[in-house]
Amino acid sequence: EIGIVNSSRITFKNRGHYNIQFSAQLDQPAGATSHVYIWFRKNGVDIPYSASVVAIQGTNAEAVPAWNFIVGVLGGDYVQIMWAADSTNVQLTASSATGFCPAIPSVIATATSI
């Protein structure tokens, strides 16, 4: 069983290895090029070599970083997907449905036992 606790902790009931996948809708409504750092944290501790950086190019720019990460856990462990930007103009954005496409969530995450 996998659940979400405290809005950000992907919590695992059973020991094992899991593939955690995500995509995030990044937006920068104003400003120059900004960098967004995304990494994984397990039980409150950053996972070494799990970080990546995404550049958002200029005003009214969007990017959708998406990747997966395999992590071993014990029952009761939790994993978080962390992010930070070098500009306060960068945000995670959700959008309403339009006449031609469904709504866009700010973040999609899945965890699968492997």
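Which residues does Ser87 touch, not counting residues up to four places away in sequence? Select Ser87 and you'll find that its partners are Gln28 and Ser34, where contact means heavy atoms within 4.5 Å.

Before going on, some ground rules: this is a predicted model, with local features needing pLDDT of at least 70 and side-chain atom pairs counting only at pLDDT 80 or more, while totals for chains, interfaces and linings use all residues. Numbering starts from 1 along each chain as its sequence is written, and side-chain values use heavy atoms, with hydrogens and water left out.

Stay on Ser87, which sits in the loop between strand S10 (78-85) and S11; strands are DSSP runs of E with at least two residues, numbered from the N terminus.

Next, go to Leu92 in strand S11 (residues 91-92). Leu92 is partly exposed, at 30% relative accessible area (buried is under 20%, exposed over 50%, partly exposed in between, with a 1.4 Å probe and protein chains only). Select Trp83 and Val107 along with Leu92, and you have a nonpolar surface patch with about 230 Å² of accessible area together.

Time for some backbone torsions. Most residues other than glycine have a negative phi. Select Ser7, in the loop between strand S1 (2-5) and strand S2 (9-12): its phi is positive, near 65 degrees. Ser7 counts as exposed because its relative accessibility is 75%. Then jump to Tyr49, between strand S6 (45-46) and strand S7 (52-56), where phi is about 60 degrees. Tyr49 has 85% relative accessibility, so it counts as exposed too.

Last stop, the inside. Select Phe12, Ile20, Phe40, Val71 and Val79: these have the most contacts inside the largest nonpolar core, which has 20 residues (a core is a set of buried Ala, Val, Leu, Ile, Met, Phe, Trp, Tyr and Cys residues joined through side-chain atoms within 4.5 Å). Elements giving two or more residues to this core include strand S5 (34-42) and strand S9 (66-73), but S3 gives the most, with four.

Key
Patches are made of residues with over 30% relative accessible area and no salt bridge: like charges are joined within 9 Å, nonpolar side chains (Val, Leu, Ile, Met, Phe, Trp, Tyr) within 5 Å. Accessible areas come from the Shrake-Rupley method with a 1.4 Å probe; for residues, only the protein chains shown count as cover. A salt bridge is a side-chain nitrogen of Lys or Arg within 4 Å of a carboxyl oxygen of Asp or Glu.
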